[in-house]
Amino acid sequence: MRRAAINGRYRANAKSTWPAWSAWLATLTFLLLAGCAQHARMVTQDAAPNDAWSGRLSLQVDDPAAQPLNAAFELRGAPEQGELTLLNPFGNVMAKLAWSPGLATLTNGSETRRSDSLDALVLQLTGSTVPVSALFGWLKREPIAVDGWEAELDGMDRGRLVAHRRSPLPHATLRIALDR
């Protein structure tokens with residue numbers, strides 16, 4: 001601390017840099033910790049542990065107009081009633097599909113769409129048909145047959161699933177890597 005002699009006495013310099021530096025450090029620490037935070041993920045009570053999966057998925061459609069989809073995901077429930085949440089790399093929700101008999105909803109940002117068809121909302125979300133109901137079987141290593149789709153289940157022992165849509169055109173490839 002610098003001191004100045006005033007009338008023979010020493011007085012502390014009022015311009016100490018310590019309070020400004022500590023406030024800057026506290027703000028930086030807060031911002032770094034806030035950037036690493038993720039939203040709390042709710043686990044449904046009624047879903048059995050085998051009826052919930054999370055990981056990364058990629059959907060590539062052989063169509064120049066289609067945007068590839070790459071996202072983290074959480075899938076819960078069953079083909080009859082469930083929820084699929086897509087997350088960006090920061091863990092923020094990009095979109096959420098929820099369905100029950102006779103009703104499906106797609107929440108994308110602040111917009112919510114409702115339909116009696118889960119497949120129609122999946123098409124709106126991804127730009128391609130994806131057999132969400134078959135995913136439950138495929139992820140349990142069950143060879144569920146879906147017209148036009150072929151699932152490669154041999155990688156499931158490593159948490160990897162690849163499914164190809166051969167028809168209708170355009171072709172599509174769905175890749176899933178489960179969290180361990």
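A: Asp157 and Arg158 form a salt bridge, with their closest N and O atoms 3.6 Å apart. The term salt bridge stands for a side-chain nitrogen of Lys or Arg within 4 Å of a carboxyl oxygen of Asp or Glu. Side chains of opposite charge can pair when their charged atoms come close. Asp157 and Arg158 are both exposed (exposed is over 50% relative accessible area, buried is under 20%, and partly exposed lies in between, with a 1.4 Å probe and protein chains only).

The model is predicted: local features need pLDDT of at least 70, side-chain atom pairs count only at pLDDT 80 or more, and totals for chains, interfaces and linings use all residues. Residues are numbered from 1 along each chain as its sequence is written, and side-chain values use heavy atoms, leaving out hydrogens and water.

Glu74 pairs with Arg76 in a salt bridge whose closest N and O atoms are 3.5 Å apart. Glu74 is buried at 8% relative accessibility, and Arg76 is buried at 10%. In the salt bridge between Glu111 and Arg113, the closest N and O atoms are 3.0 Å apart. Glu111 is partly exposed at 41%, and Arg113 is partly exposed at 27%.

As for confidence, the chain has a mean pLDDT of 82, and 72% of its residues reach 70 or more (pLDDT is the predictor's confidence in each residue, from 0 to 100). Over residues 20-47 the pLDDT is below 50. Where pLDDT is low, the predicted coordinates should not be read in detail.

Notes: Contact = heavy atoms within 4.5 Å.
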